[in-house]
Amino acid sequence: MQYGIAFAPLVPTLVLWLGLAAIIVIAAVLLFARARGAAVRVAALALILLALANPSFTREEREPLSSVAAVVIDKSPSQNFGERTRETNEARDALVARLKDIKGLEVRVVEAGQADGETDGTKLFSAVTSALSDVPTDRVAGAFLITDGRVHDIPANAGAIGFNAPVHALITGRSNERDRRIAIVAAPRFGIVGQNQTITYRLDDQGVTNESARVTVRRDGDVLSERAVRSGEQVSVTLDIPHAGPNIIEIEASKLDGELTPVNNRAVVSIDGVRDKLRVLLVSGEPHSGERTWRNLLKSDASVDLVHFTILRPPEKQDGTPINELSLIAFPTRELFQQKIHEFQLIIFDRYARQGVLPISYFDNITRYVRAGGAVLVSAGPDYASPTSIWRTPLDAILPAEPTGVSEKAFTARLSDLGKRHPVTRGLEGANSEPPHWSRFFRLVDTRNPTNPPIMEGADGKPLLLLSRQGEGRVALLLSDHIWLWARGYEGGGPHLDLLRRMSHWLMKQPDLDEEALRLKVEGHDLVVTRQTMADTVQPVTITSPSGTTRQVTLTASEPGEWRASTGADELGLWQATDGDLKALINVGPINPKEFAEVTSTTEALRPLLQTTGGDVRRVADGGSIDLPRVLPVRASTVFRGEGWLGVKMRDASVVRGIGVLPIFAGLIGLLLLLGAFASTWLREGR
């Protein structure tokens, strides 16, 4: 209960001040003149002025409010190292029990820093702000952080915390911890396929000096180099980018004796391979309706550098025209098929037959080119079944089927069971209906002894499209020259662009079109595992998180040839997946996550800021068992720490539950006071 006096003036405040000034002047004159009854007159005037001020006695019923203290528990991945989890739990239980013993103190316990695969670093001060966001600053008693000391949102000054109360930190871990890590100094995000890129890294050892480690560099899981590196040494490694898409580079250091964790001994860099130009050689054996289809497709792709030759005048053609009067460009066979053949990623033979233009030895060159990693696509027409077929050259060693004749019969192309799973043909527009919504073809080259089952079929189930791997290279055989009917829109056309583009990119080893592949990608907060396969079943996939924990996921078929599963991507760093045969890697977040940059516990990072708030930093178990300081309530001080104790700032905040008001000059009491004042003045004058 609190009592007081409140004023509710009946006249403007200026009038009251003028009245007070007049009373003071009158009192001075009366006293100077020593007039009779001066004191009584001044008192009467003062009562009149007080009545105009309308004073009231007040009585407030107040309920005291508790002070509020926050306890923030660091649950970041680095708290799982050593005995920190046990120390954190024991320190939390002991601290909360001591705080609850303080009368008038409300305790709020929150957890922060949990790995979510998105937040980089441990953010405890934002958790403090969130926990106390609904508490007025005059009720905040302070905050306690139970952490390893590696906090990444430390404010620049105490004023930025948002309240005037002590903040204390209880540090888990030991003061003599050791750890080793690989820190990436510089790394490119993109690289041209076939060109070299340089990555610079540094070996950081904490708790030791002048140690050496064995550092291994891997690309997509394959070891590239090993070398000895000393503590603090900065090293640059140069490597080539072999393929388009993500190239995962791992740099891993050997373990340090007695180190806290080997998790950060490995750093990961993902370099996206970008093809500068895909060089394609298109050789058309003769002008025909489908020739422009291939040319338009390849010229429309900005990443393709096309070299196109059409054989208009074979060497055996003799019409008497002098050579110097011909406007045709001579076919540079030696330059293309002997000197510069390896500069092309793909060679396309479009209705090409032996016409004496290419010597047999050049076909042998092409065979070696394919087996060394090149690609050949044969778009076949009647030429493939003729006596001058390129099958009757050394190319027969790599071509996937032998021609036997030509069928002139209308048919609708269909995907085979294999083709429904193959990434080159899977999901082609119009393929799911029966018959497919495609225009008909009218010619098919008959073959025998195919090396692989077809992915597209023609009339009577005969092979239409065959894909084959030969050594390090690839070969495709399209057994009809009527693909141009799809391009011209005949009978509604067909998905010629998708088919031809996918086929060309498969030949040029686009990773997205591999038949057998295991891939990882991040969608939101989930890690999605995709298994591309031509088989009917797939094995479960084992996923390893950056912290080393493993989990097994079972994949389900999402569409023919593709199986998927997802799991939470709740950590930053390198994730790995394997089904026993294939392996996939993906880096989630930055290449140097703050959480694993420095994992040794420390009291120095938080000490300067916390001591300016009046708080302190203490280790909870440097000797082994938990040793927590006493927690005391403090009401009037700027320092809330001492030998063996920590303090919380107790507040005197309260809330008003009721108010009583008694006006002094209202009613009978006010009337009697004023009449008494006038009566006293009259009596004094009457003497």
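View 1. At 29% relative accessibility, Lys509 counts as partly exposed; the label covers values between buried, under 20% relative accessible area, and exposed, over 50%, with a 1.4 Å probe and protein chains only. You will find Lys509 in the loop between helix H9 (496–507) and S25. Helices (H or I, at least four residues) and strands (E, at least two) are DSSP runs, numbered from the N terminus. Please keep in mind that this is a predicted model, in which local features need pLDDT of at least 70 and side-chain atom pairs count only at pLDDT 80 or more, while totals for chains, interfaces and linings use all residues. Residues are numbered from 1 along each chain as its sequence is written, and side-chain values use heavy atoms, with hydrogens and water left out.

**View 2. Asn210, in the loop between S9 and strand S10 (212–219).** Asn210 is not a glycine either, yet has a positive phi of about 60°. Its relative accessibility is 58%, so Asn210 counts as exposed.

**View 3. The cis peptide bond between Glu434 and Pro435.** Omega is about -5° at this bond. Look for Pro435 in the loop between strand S20 (414–415) and strand S21 (444–448).

**View 4. The open sheet S25-S26-S30-S29.** Four strands form this sheet, with antiparallel pairing; two strands pair if DSSP finds at least two bridges between them. Strand S25 (517–523) and strand S29 (556–559) are the edge strands, each pairing on one side only. On average, neighbouring strands are turned by 35° against each other, direction ignored. Strand S26 (residues 526–532) and strand S30 (residues 562–568) are joined by seven bridges, and Thr530 has Arg564 in S30 as its bridge partner.

**View 5. The open sheet S4-S3-S5-S6-S33.** Here five strands pair in parallel. Strand S4 (105–112) and strand S33 (617–619) stand at the edges with a single partner strand each, so one side of each has no neighbour in the sheet. From one strand to the next, the twist averages 20°. Within the sheet, six bridges link strand S3 (residues 67–74) to strand S5 (residues 140–147), and Ile73 stands opposite Ile146 in S5.

**View 6. Alternating side chains along strand S12 (residues 234–240).** Val235, Val237 and Leu239 point to one face and are buried. S12 pairs with strand S9 (residues 196–206) in the antiparallel sense over seven bridges, and Asp240 in S12 stands opposite Asn196.

**View 7. Helix H1 (residues 13–33) beside helix H2 (residues 38–53).** The two axes come within 10 Å and cross at roughly 175°; axes are lines fitted to C-alpha atoms, for helices over the stretch in contact, and angles run from 0 to 180 degrees between N-to-C directions. H1 and H2 are therefore roughly antiparallel, a label for angles over 145 degrees. Residues in contact (heavy atoms within 4.5 Å) include Leu16, Gly19 and Leu20 in H1 and Ala38, Arg41 and Val42 in H2.

**View 8. The largest nonpolar core.** Of its 72 residues, Phe337, Phe349, Tyr384 and Met456 touch the most other members. Such a core is a set of buried Ala, Val, Leu, Ile, Met, Phe, Trp, Tyr and Cys residues joined through side-chain atoms within 4.5 Å.

Terms used
Angles under 35 degrees count as roughly parallel, over 145 as roughly antiparallel, 65 to 115 as roughly perpendicular and the rest as oblique.
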